[in-house]
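Here is a short report for a reader who is new to this structure. Keep the sequence and the model in view while reading.

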Amino acid sequence: MNPIPPPMLGNYQQSQLRIEVSASKSAIADALLKPANLRQWYWFARLESGLPEQFTPGLTYTGYLGPIALHYVVDIASETCLRSQLSGAIDGYHEWSWGENWVQSRLEGITALPLNFGQTLGLISLRTYLQRQEAAHPTQSP
């Protein structure tokens, strides 16, 4: 007998935001694909401890927005994309894609949380982190 899953609460929401950043594709990848770096700028979403050095497809972990749990299953972790299926506080997915000097976030799901607000906060925080990284370690032109 299969247990009945709890009902999904909230409304269907979707949001897609893209911003320009002063950062290389590899700097953005380091900020998004490495949990230690992600913790530095994604401060409002506490990640569980014991995560590997880098996200890989199939990895499952939990993050917390205050007391609210959000469960992740990584679908894609490549040099230009991180996509995770979400369950718990949000039933849907979050996809990051990036290239030279730009990053995009696509978020979709059923939730009572304000998705667009959290997504905007995340992108602003990421841009600030990347600016600080660039100031601390400026790239040199040949």
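## The loop at Asn 101

Asn 101 sits in the loop that joins strand 6 and strand 7. Helices and strands here are DSSP runs, numbered from the N terminus: helices are H or I with at least four residues, strands are E with at least two. Asn 101 is not a glycine, yet its phi is positive, about 70°. Most residues other than glycine have a negative phi.

Asn 101 counts as partly exposed, at 40% relative accessibility.

## About the model

This is a predicted model, in which local features need pLDDT of at least 70, side-chain atom pairs count only at pLDDT 80 or more, and totals for chains, interfaces and linings use all residues. Residues are numbered from 1 along each chain as its sequence is written, and side-chain values use heavy atoms, with hydrogens and water left out.

## Overall build

The protein has 3 helices and 7 strands. From the N terminus on, their order is β-α-α-β-β-β-β-β-β-α. The radius of gyration is 16 Å, close to the 14 Å that the globule rule gives for 142 residues, so the protein is as compact as a globular protein of that length. That radius is taken over C-alpha atoms, and the rule is 2.2 Å times the number of residues to the power 0.38. Along the principal axes, the C-alpha atoms fill a box of roughly 65 × 30 × 25 Å.

Of the 142 residues, 39% count as buried. Take the contacts (heavy atoms within 4.5 Å) with a separation of 6 or more: residues 24 or more positions apart account for 43% of them. The protein exposes about 8300 Å², and carbon and sulfur atoms supply 55% of that area. Accessible areas come from the Shrake-Rupley method with a 1.4 Å probe; for residues, only the protein chains shown count as cover.

Ser 105 lies in strand 7. Ser 105 is buried, with a relative accessible area of 1%. Its side chain makes a polar contact with the side chain of His 94, at 2.7 Å. A polar contact is a pair of N or O atoms within 3.5 Å; within protein, one must be able to donate a hydrogen and the other to accept it, and residues adjacent in sequence count only if both atoms are side-chain atoms. Beyond its neighbours within four places in sequence, Ser 105 touches residues including Ser 15, Leu 17, Trp 96 and Leu 123.

Gln 104 is found in strand 7 too. Gln 104 is buried, at 12% relative accessible area. Setting aside neighbours within four places in sequence, its contacts include Gln 16, Arg 18 and Ser 97.

Which residues of helix 1 (residues 25-33) are buried? They are Ile 28, Ala 29, Ala 31, Leu 32 and Leu 33. These buried residues pack against helix 2 (35-41), strand 4 (68-77), strand 5 (81-88), strand 6 (91-99), strand 7 (102-111) and helix 3 (115-136).

Leu 82 belongs to strand 5. Leu 82 is buried, with a relative accessible area of 6%. Leaving aside its neighbours within four places in sequence, Leu 82 is in contact with residues including Leu 32, Leu 33, Phe 55 and Trp 98. Leu 82 and Ala 29 are 53 residues apart along the chain, and their C-alpha atoms are separated by 8.8 Å.

Note on methods: Buried means under 20% relative accessible area, exposed over 50%, partly exposed in between (1.4 Å probe, protein chains only).
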